[in-house]
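These are my notebook entries on one chain, written down in the order in which I looked things up.

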Amino acid sequence: MTDLSKYRNIGIFAHVDAGKTTTTERILKLTGKIHKIGEVHDGAATTDFMDQEAERGITIQSAATTCFWNDHRFNIIDTPGHVDFTIEVYRSLKVLDGGVGVFCGSGGVEPQSETNWRYANDSKVARVIYVNKLDRLGADFYRVVDQVKNVLGAKPLVMTLPIGIEDGFAGVVDLMTMKAWVWDDSGQPENYEITDIPADLQEKAEQYRSEMIEMAVEADDDAMEAYLEGNEPDEATLKACIRKGTINLDFFPTYCGSSFKNKGIQLVLDAVVDYLPCPTDVPPQPEVDKEGNETGKFAEVDPNKPLRALAFKIMDDQYGALTFTRVYSGKLEKGTNILNTFTGKTERVGRIVEMHADSREEIESAQAGDIVALVGLKNVQTGHTLCDEKNPATLEPMVFPDPVISMAVSPKDKANAEKLGVAIGKMVKEDPSFYVETDQDSGETILKGMGELHLDIKVDILKRTHGVEVEVGAPQVAYRETITARTEDSYTHKKQSGGSGQFAKIDYIIEPAEPGEGFSFESTVVGGNVPKEFIPAVEKGFNLSKEKGVLAGFPCLDFKVTLIDGGFHAVDSSAVAFETAAKAAYRQTMPKAGAQLLEPIMNLDVFTPEDHVGDVIGDLNRRRGMIKSQDTTPTGVRIKAEAPLSMMFGYIGDLRTMTSGRGQFSMEFAHYSPCPRNVSDEIIEKAAAEKAAANK
């Protein structure tokens, strides 16, 4: 039996380029897991093991690894920071108990840090904050602490202060022990000495220590009472208070350092042990029924209870499919059968492995609290629950956003066509935010994803990992359609041509709904003019029709259909007749109801050096962008704006040209908005031409 209080399941997450992977490398070196540090900029980081990651210097998929610190076991997941891969962060947070939020000392709280913080809040994950890169030009620890308060609305509990800054960054003051940790210039993490606090920091350290104690004792009534009576808590009491407040998400212990220069990491590791929860400290996972409603039962973190585990990531490598799994309760043993409640089928656990990035160690069993990878499961996908056959239950599933961008790919020849199907099947299993469908008219394979970079990397993986040569079309925007006017109408479907006839008459109102409400159907028919058993068929007809709008064939959003009256024939009416009537009614009435094209609008966060602000704003205006705000930071200006996705293709290249390579940006989907008339006409014309070409 392992002691679960010694387990820490943690994730490391942040904005792109804040130093997550570098921090993970330092942790692995300090814990003795690796002996030579690999650098991201050299393409040699342990957890960035995909070719695409090494080349681009970014993390694309979350990597799992296990290491030990002060006889505590850390299961660490290094997550990507790029907005196109937030799905990786979301699903990792779902199975973690705690996290380390890394912020750049000069960049501060950047857009992706906000998104990840929001995900972590939604998943109720306790975190410690680590302000990295204090050796960088423009670094300012205190400014980042203020941003955590103002931008994230969180309460940072400052635990260390920096000694020196930028080139002069030498170490940190530990407010718990009131000692200074000073590293030498060798760059070795173990070359430090613990000395007295420098005289110029003494006053500041005392001020921050008293603030820390005041915030910490709020978590415990007894400690608070004693402190108000003038008794300062001892170290053990203080740590217990901070642990309690951190797990309750009252505040977030905040540390500082420079991962690249190997300064300050040990204190963060100690904080993970001291303040982040073990598997038994977090509320147990709720169990749900088939509809997703909570049943009132929970998967208790206990090896002796029935098995409850969640598959949170599928990865394909040369040995077959790996299913990353978090075991919430019970035991998982090699060679046993487990039930997948989503498919209703049982699967045999072939092998259980402990992952270290892309290498692995085989183990015989895993138990509540463990994060392991299972080899050889056939039909398991992200978010599926694995459980005891005799004692089935389902855990809360994961919800993934819809893709906003698509591109067509076609194989270069017949040999590649066969390989394409197999490769895409594997890739869809690995990434739930990546969709693939076949265009019925053209027969092309359409890839759909979260952004340009997302699809770019998928095509790269197709070519290199799976060896499939494909031709790639231009990226396409996922437009939508809606209506603007309330219209009352009637349709009669009659068919008499030998054999039994068909008859259905419907009177109905089609009207616009509020943005985001989707499609709804209501029947106010009284007196049996449309028999009850045929009403679902009318709803089904409209529901199926909405997938293709009348303007350019895009799905139709946000409208309501009310069935008010109709007529039927005792012999010739049937469910099929009423469904057909509804489909024809949709085609008849939608053009009358002021059909309108909608385009996806993106939230942009653009960073530019100050001397290029005018060019960047001028360029955004040309792209139909709406500037929301401008914030000056010590290193440049952050511009928040909204712009249509259709105008943002290739933006990163243009931004880099304008800013001499120093600009950065991220974007995520905001909402759908009506297209301007000239854009709408162009899209409708193009759709008509494509349809005509397909019909030839």
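Before I list which residues meet, I note that contact here means heavy atoms within 4.5 Å. I also note that I am reading a predicted model.

**Entry: the chain as a whole**

I began with the overall counts and found 16 helices and 38 strands in the chain. I then looked up burial, for which the cut-off is under 20% relative accessible area, and found that buried residues make up 53% of the 696 residues. Turning to contacts between residues at least 6 apart in sequence, I saw that 72% of them join residues at least 24 apart.

**Entry: helix α6 and its neighbour α7**

I looked up helix α6, residues 199-217, and helix α7, residues 221-228, and found that they pack at an angle of about 135 degrees, with their axes 8 Å apart. That angle makes α6 oblique to α7, because angles over 145 degrees count as roughly antiparallel and those from 65 to 115 as roughly perpendicular.

Which residues of α6 meet α7? I found S210, I213, E214 and V217 on the α6 side, and these meet A223, M224 and Y227 on the α7 side. Sorted by class, the contact of α6 with α7 has five nonpolar residues, one polar residue and one charged residue.

I then checked the length of α6, which has 19 residues and reaches 28 Å from its first C-alpha to its last, close to the 27 Å expected at 1.5 Å a residue.

Next I asked which residues of α6 are buried. I wrote down L201, A205, Y208, R209, M212, I213, M215, A216 and V217. What covers these buried residues includes the helices α5 (141-150), α7 and α8 (235-247), and also the strands β6 (156-158), β7 (160-163) and β8 (171-174).

**Entry: cysteines**

I looked for disulfides, and a search of the whole structure finds zero.

I found T66 in strand β2, which covers residues 63-69. Is T66 buried or exposed? At 4% relative accessibility, T66 counts as buried. I then looked up L28, which is 38 residues from T66 along the chain, and found their C-alpha atoms separated by 8.7 Å.

I located A577 in helix α13, residues 575-589, and with 0% relative accessibility A577 counts as buried. A577 and F534 are 43 residues apart in sequence and 9.0 Å apart in space, C-alpha to C-alpha. Leaving out residues up to four places away in sequence, I found that A577 touches H493, Q502, F503 and A504.

**Entry: positive phi values**

I looked up L249, where phi is near 65 degrees, a positive value in a residue other than glycine. L249 is placed in the loop between α8 and β11 (252-256), and at 25% relative accessibility it counts as partly exposed.

I then turned to R624, which is not a glycine but has a positive phi of about 60 degrees. Where is R624? I found R624 in the loop between α14 (613-622) and β36 (626-633), and R624 is partly exposed, with a relative accessible area of 29%.

Notes. Residues are numbered from 1 along each chain as its sequence is written. This is a predicted model: local features need pLDDT of at least 70, side-chain atom pairs count only at pLDDT 80 or more; totals for chains, interfaces and linings use all residues. Side-chain values use heavy atoms; hydrogens and water are left out. Axes are lines fitted to C-alpha atoms, for helices over the stretch in contact, and angles run from 0 to 180 degrees between N-to-C directions. Helices (H or I, at least four residues) and strands (E, at least two) are DSSP runs, numbered from the N terminus. Angles under 35 degrees count as roughly parallel, over 145 as roughly antiparallel, 65 to 115 as roughly perpendicular and the rest as oblique. Ala, Val, Leu, Ile, Met, Phe, Trp, Tyr, Cys and Pro count as nonpolar, Asp, Glu, Lys and Arg as charged, and the others, Gly among them, as polar. The expected span of a helix is 1.5 Å times one less than its number of residues. Buried means under 20% relative accessible area, exposed over 50%, partly exposed in between (1.4 Å probe, protein chains only). A disulfide is a pair of cysteine sulfur atoms within 2.5 Å.
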